[in-house]
Amino acid sequence: MSRRGGSGGRKPAVRSAKGGARSTAGGRNAAKTGKGAPKSASQRPAKKAEKVVFDAPPVVPEEPRTLRLGAVPGATPGRWIDTWNTRMPNVTLELVPIPFARQRTALTEGGIDLALVRAPFDDDGMHAIPLYEELPVVIASADSHLLAADELVPADLEGETLLTTAEDVLGVLALPTTPSAIPPLDTIENAVETVAAGVGILVAPMSLARLHHRKDVEYRILRDAPVSPVLLAWPKGATAPDIEAFVGVVRGRTANSSR
C-alpha cells in the first residue's frame, strides 16, 4: 500500500480562493478571530464600578430662641435689627426699653442680654463698644429768640435759664446760663413741657429732642459743647454666640466674615 505524501497522516494544506494556504487543523473555529471567538479575561471589558450612595444625615432645625436687647431713650438700633432679622431668622431680637438711670442695673440683674447705653457708663466687669456720638441741642419754646440762628454756641446762651432733669446725660455743661429756681425735673419729657410754657431752656442729645418733639418747641444744634456717646455693652461673663453675632452686625461684618 502506497503512502500519501510525507505528511504523516495530516491533511494537506489547502489553498484559499486567493491562492494562499491556510491550515485546516483545529477545525473551522481556529481561523476565527472576530465575532463569536471566545475572549480571554484580559480582553473582556471591565465591569462598571457600582455607585455607592450614602444617606445624608438628617437636618436638625435650630430651636427658636430670643436675644434681648436693651435700649436707653433715643438710641436708634433700627438698621441693625433689620440686618439681624434677615441674617438670624431663628433668633428673635426683643427690644427692651430701659431708663438711663438703670442702664447698668438692667444688665447686671439679667433682664437683658446686652444693651445700647449712654456715657457716662460704669464699664467695670463689662464689655463696652463705642458706637456713635450724638450732638447736643438747645430746646427752646417756639417763640424764643434763640431760634433765629441755625446753630448756637455757648456764648449765645448767656443769661438764659437752664432746666435740669434726673435724666441729664451730658453732665455738667459749664454754660454761661442762669441756674433755674425749679428743682431738677424727673424726666426729659417733663422738662420739654416746661420749656413749651416759656420757662427756661433745656440742653439734651438730639435724639431725645426728636423723641419728645412738640409743635410748641424747637431745637438748635449747640456747637463746642459735650457730645453724648452711645455704646453697646454686656457683662463680660455673659458672652455667647448670639451676642457675638449681634456685635458682628453692629460692626458691619458680613454673614461670611470671621470674627
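**View 1. The open sheet has five strands in the order β4-β3-β5-β13-β6, with mixed pairing.** The edges are taken by β4 (91-97) and β6 (126-134), each with a single partner strand, so one side of each has no neighbour in the sheet. From one strand to the next the twist averages 20°. Strands are DSSP runs (E, at least two residues) and helices likewise (H or I, at least four), numbered from the N terminus; two strands pair if DSSP finds at least two bridges between them. This is a predicted model, in which local features need pLDDT of at least 70, side-chain atom pairs count only at pLDDT 80 or more, and totals for chains, interfaces and linings use all residues. Residues are numbered from 1 along each chain as its sequence is written, and side-chain values use heavy atoms, with hydrogens and water left out.

**View 2. Strands β3 (residues 65-71) and β4 run parallel and are joined by seven bridges.** Ala71 has Pro97 of β4 as its bridge partner.

**View 3. Helix α1 (residues 78-87) lies across β3, β4, β5 (114-118) and β6.** The helix runs at about 160° to β4; axes are lines fitted to C-alpha atoms, for helices over the stretch in contact (heavy atoms within 4.5 Å), and angles run from 0 to 180 degrees between N-to-C directions.

**View 4. Trp80, Ile81 and Trp84 are the buried residues of α1.** Seen down the axis of α1, these residues fall within an arc of 100° (taken from the directions from the helix axis to the C-beta atoms), so they line one face of the helix. Their cover includes β3, β4, β5, β6 and α5 (241-250). Asp82 and Thr86 are exposed, on the face turned away from the buried side. Buried means under 20% relative accessible area, exposed over 50%, and partly exposed in between (1.4 Å probe, protein chains only).
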